[in-house]
Amino acid sequence: MKKQSMIEYILEATKVGWETKSSIDKKKKSSKYERLHHRIDDQIKYCPSCELTWKKNRKMYIRDFEYFPKNHIPIIGKEKTKCPKCKEKNNNG
Ligand SMILES: [Zn+2]
């Protein structure tokens, strides 16, 4: 094998290696995102009182729960549960 073609071979092999790696990374990232998105989506509830979608946060977060803007998330199939704010309102009269 000539020296020149050896270098070309290495360059070619490296290039292919990079392309493969980056496409694997892409796949990993997207599936990770989908999983994460799904898990959060399952936790989202719809408050029929204030008509907002909301979800409980884990204890490590500053806020106990958070709201999503109207029309941001489709409410079909969401569990209808009053949000903590509306629950509080009811309790106070
Ligand atoms: Zn509410």
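Colleague: How many bridges join strand 1 to strand 2, and do they run parallel or antiparallel?

Modeller: This is a predicted model. Look for the bridges between the two strands. Here, four bridges join strand 1, residues 44-47, to strand 2, residues 52-56. The two strands run antiparallel. Take Y46 as an example: its bridge partner in strand 2 is T53.

Colleague: What joins strand 2 to strand 3?

Modeller: Four bridges again, and strand 2 and strand 3 run antiparallel. Strand 3 covers residues 65-68. Find W54, then look across to strand 3: the bridge partner is Y67.

Colleague: Where does E51 lie?

Modeller: In the loop between strand 1 and strand 2. That hairpin has four residues between its strands.

Colleague: What is the phi of E51?

Modeller: Start with the general idea. Most residues other than glycine have a negative phi. Now the case here. E51 is not glycine, and its phi is positive, near 60°.

Colleague: Is E51 buried or exposed?

Modeller: Count the C-beta atoms around the residue. E51 has 9, so E51 is exposed.

Colleague: What share of the chain counts as buried?

Modeller: Of the 93 residues, 5%.

Colleague: In what order do the elements run?

Modeller: Read from the N terminus: α-β-β-β-β-α. That comes to two helices and four strands.

Colleague: How much of the contacts comes from residues 24 or more positions apart?

Modeller: Consider the contacts with a separation of 6 or more. Residues 24 or more positions apart account for 40% of them.

Note on methods
Residues numbered from 1 in each chain as written. Predicted model: local features only at pLDDT ≥ 70, side-chain atom pairs only at ≥ 80, totals over all residues. Pairing = 2+ DSSP bridges. Buried ≥ 20, exposed ≤ 12 C-beta atoms within 10 Å, placed from the backbone. Contact = placed C-beta atoms within 7 Å.
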